[in-house]
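Let's take a look at a protein chain together. Have the sequence and the 3D view ready, and we'll go through a few features one by one.

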Amino acid sequence: MRPRSPRSLSAVLAASILLPAAAQAQVNPFRGGQGLSPEHNQLLFESVARLNAANRASPIAAAQSVPAKAIQLADGTWTVQGTRIPGSRRCGEWLVRLTNAGGQLSGVVSQARSTVPIQNLVLTPHGSFSGTTPERLVGRRRAPAAKVTGRFSGDTVSLIFESERCPASQGTAARHPSSG
């Protein structure tokens with residue numbers, strides 16, 4: 001469960017205090033009558049504005065506006081394997097191997113009996129990443145272009161593998177520490 005932000009708490013507080021009073025004064029517009037009086041509308045808007053102004057000045061809001069600390073990815077290797085799609089001759093097994101060594105993330109994709117390096121592999125401070133592989137011809141087999149996206153969480157990686165000719169599939173793997 002995600003913790004609520006002070007801004008959403010302000011809205012909940014305003015709604016729980018002001019709306020019951022406003023509901024008593026309001027008449028259902030589908031059955032005739034008027035809505036909130038101009039005085040009640042003004043009171044509602046001023047109260048929400050005061051809560052939002054106080055929220056911006058609070059130390060809690062200031063602490064939440066500080067960017068989260070970037071993840072520190074441990075050195076190691078993650079190997080994610082995908083299975084053949086039943087009934088398909090074109091969508092066979094695939095393997096993605098990601099390696100982190102000294103803060104440098106690299107990877108390869110193996111499919112159609114070929115191994116291709118992942119290009120433009122970018123890791124964000126929050127642990128998500130993405131990269132692509134170009135189309136390659138290996139012997140008489142064509143390894144299609146692919147895209148790999150995912151997220152690191154602790155020692156686990158979850159990723160989605162998308163080939164240009166097959167539907168997206170996903171997998172997870174645990175880190176194997178670097179030897180040496």
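In which sense do strand β6 (residues 128–133) and strand β9 (residues 146–153) pair, and over how many bridges?

## Strands side by side

Before we answer, keep in mind that this is a predicted model. β6 and β9 run antiparallel to each other, and six bridges join them. To find a spot where they face each other, look for Gly131, which sits opposite Val148 in β9.

β9 has another partner too: strand β10 (residues 156–163), again in the antiparallel sense, this time over eight bridges. Here Val148 turns up again, standing opposite Phe161 in β10.

## The turn of the hairpin

Now follow the chain from β9 into β10. These strands make a hairpin with two residues between them. Check out Gly154 in this hairpin: its phi is positive, near 65 degrees.

## One disulfide

In general, a disulfide is a covalent bond between the sulfur atoms of two cysteines.

What does the link tie together? Cys91 is in the loop between β1 (76–82) and β2 (94–101), while Cys166 belongs to strand β11 (residues 166–174), so the pair connects parts that lie 75 residues apart in sequence. The angle about the S-S bond is -105 degrees, and the link is left-handed.

Are these cysteines buried or exposed? Cys91 is buried, at 7% relative accessible area, and Cys166 is buried as well, at 14%.

Methods
Residues are numbered from 1 along each chain as its sequence is written. This is a predicted model: local features need pLDDT of at least 70, side-chain atom pairs count only at pLDDT 80 or more; totals for chains, interfaces and linings use all residues. Side-chain values use heavy atoms; hydrogens and water are left out. A disulfide is a pair of cysteine sulfur atoms within 2.5 Å. Helices (H or I, at least four residues) and strands (E, at least two) are DSSP runs, numbered from the N terminus. Buried means under 20% relative accessible area, exposed over 50%, partly exposed in between (1.4 Å probe, protein chains only). Two strands pair if DSSP finds at least two bridges between them.
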